[in-house]
Amino acid sequence: MKQTMKRWTLSEIGSQNLKLSEVEIPQPGPNEVLIHVSAVSLNFRDKVIIDGGMGNGMPMPFTPGSDMAGVVVAVGPNTTRFYPGERVISSFNADWVDGKLKNNAKDPNYNTLGYALQGVLAEYIVMNEEWLVKAPHSLTDAQASTLVCAGLTAWFALIERGGLRAGETVLLQGTGGVALFALQIAKAMGAEVFITSSSDEKLAAASALGADHGINRNKENWVEAIYHLTKEQGIDHVVDTVGGCNFADSVRVVTSHGRISLIGMMDTHDISAPGVSLLLKSPTIQGIGVGHRRALEDFVRAVDSVKLKPVIDKLFRFDQLPEALALLEQGAFGKIVIEVS
């Protein structure tokens, strides 16, 4: 095996400071695994982190990215979960294996890959064996890399925490990675899916994936459209990927004793909602910070079982990270993936 590799590093915040550098390939220590990275799926959070929009919690020099698929090439002493030659994907919340997330109420941590911990945009990475999950057999590495954050977020919202059942209604806002995973998961469960977008073209593509109702929010009031389509009954599961002022509309369309999964903060970090509606409808409001490793393992099994295929908008070469980030900011239909090797 060669002695050096390429990796993307950031010496200070700002995408203009990203540099593709040549460094020595790291070696695994006790309970660690060396992985030859095949693909990295980008999330909007990656651009926010690079631009300093999530504070300065990154260890500098910093390698961004959290979602990867690759092949184990070496293991350190006492490693038992994986062996050379196995295909793996990363687990977003490094130490969260199952159950409740251990955290501090006053100052909750964000112990995730690609932020508090070094990321995965490198040809080789070393990880603790507990931070990895076996990749699904039915997906390519590029497809498998998309499950880590967007796929697990949708699964955690609708299945792990949401208990979605056949015949229920689901509202998805936008056509990004989380929304399209949620669309496919919901349809596999037998739910009726509503989706909003500002693009008729993207709504048509969502319909081809199985969406039952598409609403162009630039052409009509989407809240009134939901009232009309549901005969004023509202939505059982609202997946809010915007936050901010939009959250009030999510409360307006949720049915009595329904559920709202707050996933995105694209508007602001604060939300507001009509208090009377919250009291009279009594919905469950759940913030979704992706999910734990056990749920990702469940999701991988479900992907193989139902043959779910992630939607990838575009593939980029490893040296095209700046171009990939630019498309990410514009808004993709599904996921953007960097092919590393």
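These are my notebook entries on a predicted model.

**Entry 1: the cores**

I looked up the largest nonpolar core first. It has 48 residues, and Ile89, Leu147, Leu158, Val170, Leu172 and Phe299 touch the most other members. At least two residues each come from helix H3 (147-160), strand E8 (169-173), helix H4 (177-188), strand E9 (192-197), H5 and helix H9 (293-306). H3 gives the largest share, ten residues. I also noted a second, separate core of 43 residues, with Leu42, Leu117, Val120 and Leu321 among them.

Leaving out residues up to four places away in sequence, Leu172 touches Ala179, Ala182, Leu183, Val193, Phe194, Ile195, Thr196 and Val239.

**Entry 2: H3 against H9**

Two packed helices are described by the angle between their axes and the distance between the axes. For H3 and H9 I found an angle of about 95° and axes 10 Å apart. An angle of 65 to 115 degrees counts as roughly perpendicular, and therefore H3 and H9 are roughly perpendicular to each other.

I listed the residues on both sides. H3 brings Leu147, Gly151, Leu152, Trp155, Phe156 and Glu160, and these meet Arg294, Ala295, Leu296, Asp298, Phe299, Val300, Ala302 and Val303 in H9. I sorted the residues of this contact into ten nonpolar, one polar and three charged.

H5 covers residues 200-208, and at its start a side-chain oxygen of Ser199 comes to within 3.3 Å of the backbone nitrogen of Glu201. After H5 comes Gly210, with a positive phi near 125°.

Not counting residues up to four places away in sequence, Lys187 touches Val193, Gly210 and Asp212. Lys187 and Asp212 are 25 residues apart in sequence, while their C-alpha atoms are 9.3 Å apart in space. Lys187 counts as partly exposed because its relative accessibility is 29%.

**Entry 3: Ser41**

Is Ser41 buried or exposed? I found a relative accessible area of 0%, so Ser41 is buried. Ser41 is part of strand E3 (residues 32-42). Setting aside residues up to four places away in sequence, I counted Asp46, Asp67, Ser145, Thr146, Lys335, Ile336 and Val337 as residues it touches.

**Entry 4: helix H7**

I went through H7 (residues 246-253) next. Six of its eight residues are buried, so H7 is largely enclosed by the rest of the structure. I wrote the buried ones down as Asn246, Phe247, Ala248, Ser250, Val251 and Val253. They pack against E8, helix H6 (222-229), strand E11 (235-240), strand E12 (254-262), helix H8 (275-281) and strand E13 (284-287).

**Entry 5: backbone exceptions**

Most residues other than glycine have a negative phi, and most peptide bonds are trans. I looked for exceptions.

Which two residues does a cis peptide bond join? Met60 and Pro61 are joined this way, with omega about -5°. Pro61 is in the loop between helix H1 (44-50) and strand E4 (67-75).

Asn31 is not a glycine, yet its phi is positive, about 60°. I located Asn31 in the loop between strand E2 (18-24) and E3. Its relative accessible area is 29%, so Asn31 is partly exposed.

Glu232 also has a positive phi, near 70°, and is a residue other than glycine. It lies in the loop between H6 and E11. Glu232 is exposed because its relative accessible area is 66%.

Conventions:
Residues numbered from 1 in each chain as written. Predicted model: local features only at pLDDT ≥ 70, side-chain atom pairs only at ≥ 80, totals over all residues. Heavy atoms only, no water. Polar contact = N/O pair within 3.5 Å; in protein donor to acceptor, adjacent residues only side chain to side chain. Helix = DSSP H or I, 4+ residues; strand = E, 2+ residues; numbered from the N terminus. Core = buried A, V, L, I, M, F, W, Y, C linked by side-chain atoms within 4.5 Å. Buried < 20%, exposed > 50% of the residue type's maximum accessible area, 1.4 Å probe, protein only. Contact = heavy atoms within 4.5 Å. Axes fitted to C-alpha atoms, helices over the stretch in contact; angles between N-to-C directions. Parallel < 35°, antiparallel > 145°, perpendicular 65-115°, else oblique. Nonpolar A, V, L, I, M, F, W, Y, C, P; charged D, E, K, R; others polar.
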